[in-house]
Amino acid sequence: MRKKIVAGNWKMNMTPSEAVALAETLKPLVATSEADVVFCVPAVDIVPVVNAVKGTNIEVGAENLYFEDKGAYTGEISADMILDAGAKYVVIGHSERREYFKETDEIVNKKVLKALEKGLTPILCCGESLTQREQGITIEWVRMQIKIALQGVSAEEAEKIVIAYEPIWAIGTGKTATTEQAQEVCGAIRVVLGEIYGCETAEKIRIQYGGSVNEGNAAELFAQPDIDGGLVGGASLKPGFGVIANA
Ligand code: PGA
């Protein structure tokens with residue numbers, strides 16, 4: 001039985017002081033033993049948020065990392081920095097990073113490998129654009145993203161990964177995928193995981209849905225057989241995130 005996992009993706013929102021205030025507000029609202037709850041926050045917010053949520057059920061994640069250990073990579077942050085700051089998760093390959101920062105599937109793969117090597121849990125994002133959905137290539141596209149992102153990842157390591165299926169057309173648009181659309185792709189992701197690693201491993205890997213998840217639709221989405229929680233953007237910055245975490 002896979003434990004649900006609900007993660008907030010704060011994106012480029014919340015200064016350190018705002019972040020602490022939000023964490024304090026959300027703390028009592030997201031208290032649950034039924035699901036893992038993660039706040040993925042901007043790099044400068046990691047330390048203050050880790051301190052703010054000490055002793056609670058909440059874990060903290062970064063929103064990105066660089067795949068080299070250290071060195072002359074101005075502006076980047078490493079897996080060791082994230083870990084030492086107290087975070088345990090890292091979002092990798094979000095569509096906004098792919099689109100605005102030109103991250104390729106190959107870069108995403110290197111980041112996944114580095115996160116696993118260092119003991120960070122990757123939340124690996126995938127998902128199709130509206131054009132790709134209209135072209136009828138959603139499943140092929142997402143299968144390819146997953147296959148490239150997991151190159152060189154062993155079955156044992158793959159079990160630790162969280163996959164987030166996020167149709168790009170549903171992110172921040174208020175246009176959620178229907179539960180059928182979300183389940184169809186999450187189910188297809190489990191099929192490809194089974195092809196790579198075998199059914200037993202595929203059954204252990206948690207797959208989230210993301211894209212305009214809110215208080216009203218979370219419970220139905222999370223009740224689908226292959227949806228093990230959500231990656232939540234806009235709604236994770238509001239008290240309603242408590243309702244989503246408990247859905
Ligand atoms: P949204 O973002 O919930 O605001 O659509 C989801 C995400 O980008 O992770």
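**Overall fold and helix packing**

For a chain of 247 residues, a compact globule would have a radius of gyration near 18 Å, and the protein agrees with this at 17 Å; the radius is taken over C-alpha atoms, and the globule rule is 2.2 Å times the number of residues to the power 0.38. The structure is a predicted model, in which local features need pLDDT of at least 70 and side-chain atom pairs count only at pLDDT 80 or more, while totals for chains, interfaces and linings use all residues. Residues are numbered from 1 along each chain as its sequence is written, and side-chain values use heavy atoms, with hydrogens and water left out.

Along the principal axes, the C-alpha atoms fill a box of roughly 45 × 45 × 35 Å. The secondary structure comprises 12 helices and eight strands, where helices (H or I, at least four residues) and strands (E, at least two) are DSSP runs numbered from the N terminus.

The eight strands form a closed barrel in the order E1-E2-E3-E4-E5-E6-E7-E8, with parallel pairing; two strands pair if DSSP finds at least two bridges between them. From one strand to the next, the twist averages 25°.

Attention now turns to helix H7. This helix, H7, lies across strand E5 (121–126) and strand E6 (162–165) and runs at about 150° to E5. Axes are lines fitted to C-alpha atoms, for helices over the stretch in contact, and angles run from 0 to 180 degrees between N-to-C directions. Contact means heavy atoms within 4.5 Å.

Helix H7 (residues 138–149) packs against helix H9 (residues 179–197) at an angle of about 45°, with the axes 10 Å apart. H7 and H9 are therefore oblique to each other (angles under 35 degrees count as roughly parallel, over 145 as roughly antiparallel, 65 to 115 as roughly perpendicular and the rest as oblique). Residues making the contact include Ile139, Val142 and Ile146 of H7 and Val185, Ala188 and Ile189 of H9. By class, this contact of H7 with H9 has 10 nonpolar, one polar and four charged residues; Ala, Val, Leu, Ile, Met, Phe, Trp, Tyr, Cys and Pro count as nonpolar, Asp, Glu, Lys and Arg as charged, and the others, Gly among them, as polar.

Helix H5 (residues 105–118) also packs with H7 at about 45°, their axes 8 Å apart.
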